[in-house]
Amino acid sequence: MVLVYISKRLKEALAIEELFKTAGLDYQVEPDTYVGGIIFRSERTGAFFYVEDANQTAARDLLQRSGYTPLS
């Protein structure tokens, strides 16, 4: 599985789940922590989206076409 996106907000995570479901992409989403903030850095929880290695290009293209910036 390849990490393609980290959603920092619930509303965004739900939208991406719907996007992947509609496109028929198999994905896995897990809560995990990341470090955020510029001045006051803190550990936060986000939704980490994973897809099969063979589907990563399609998932990244779909995210980009939908206005999201996928991880490279």
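This is a predicted model: local features need pLDDT of at least 70, side-chain atom pairs count only at pLDDT 80 or more; totals for chains, interfaces and linings use all residues.
The model contains an open sheet of three strands, arranged in the order β1-β3-β2 with antiparallel pairing. In general, the strands of a sheet pair through backbone hydrogen bonds, in either a parallel or an antiparallel manner.

The pairing of β1 with β3 is antiparallel and runs over five bridges. In this part of the sheet, Leu-3 stands opposite Tyr-50 of β3. Helix α1 packs on the sheet and touches β1, β2 and β3; the direction of α1 makes about 5° with that of β3. Helix α2 also packs on the sheet, where it touches β1 and β3, and the direction of α2 makes about 25° with that of β1.

Strand β2, which covers residues 27–36, pairs with β3 in the antiparallel sense over ten bridges. Tyr-34 stands opposite Arg-44 in β3. Five residues lie between the strands in the hairpin of β2 and β3, and in this hairpin Gly-37 takes a positive phi near 100°.

The largest nonpolar core comprises 14 residues. Those with the most contacts inside this core are Val-4, Tyr-5, Ile-16, Phe-20, Phe-49, Leu-63 and Tyr-68. At least two core residues are supplied by each of β1 (2–7), α1 (10–23), β3 (42–51) and α2 (56–65). The largest share, four residues, comes from α1. In soluble globular proteins, nonpolar side chains tend to be buried together.

With neighbours within four places in sequence left aside, Tyr-5 is in contact with Glu-12, Ile-16, Ala-47, Phe-48, Phe-49, Leu-63, Tyr-68, Thr-69, Pro-70 and Leu-71. Among these partners, Ile-16, Phe-49, Leu-63 and Tyr-68 are also listed with the most contacts inside the core.

Four aromatic pairs are found in a search of the whole structure. One of them joins Phe-20 and Phe-49 in an edge-to-face arrangement, with 6.0 Å centre to centre and 85° between the planes. This pair links distant parts of the chain, since Phe-20 belongs to helix α1 and Phe-49 to strand β3, 29 residues apart. Phe-20 has a relative accessible area of 0% and is therefore buried. Phe-49 likewise counts as buried because its relative accessibility is 0%.

Phe-49 also pairs with Tyr-27: the ring centres are 6.2 Å apart and the planes stand at 40°, so this pair is tilted. Tyr-27 lies in strand β2 and Phe-49 in strand β3, so the pair ties together parts 22 residues apart in sequence. Tyr-27 is partly exposed, with a relative accessible area of 22%, because the range for buried residues ends under 20%. Together, Phe-20, Tyr-27 and Phe-49 form one aromatic cluster.

Notes:
Residues are numbered from 1 along each chain as its sequence is written. Side-chain values use heavy atoms; hydrogens and water are left out. A nonpolar core is a set of buried Ala, Val, Leu, Ile, Met, Phe, Trp, Tyr and Cys residues joined through side-chain atoms within 4.5 Å. Buried means under 20% relative accessible area, exposed over 50%, partly exposed in between (1.4 Å probe, protein chains only). Contact means heavy atoms within 4.5 Å. Two strands pair if DSSP finds at least two bridges between them. Rings of Phe, Tyr and Trp (its six-membered ring) pair if their centres lie within 6.5 Å; planes under 30 degrees apart count as stacked, over 60 as edge-to-face and the rest as tilted. Axes are lines fitted to C-alpha atoms, for helices over the stretch in contact, and angles run from 0 to 180 degrees between N-to-C directions.
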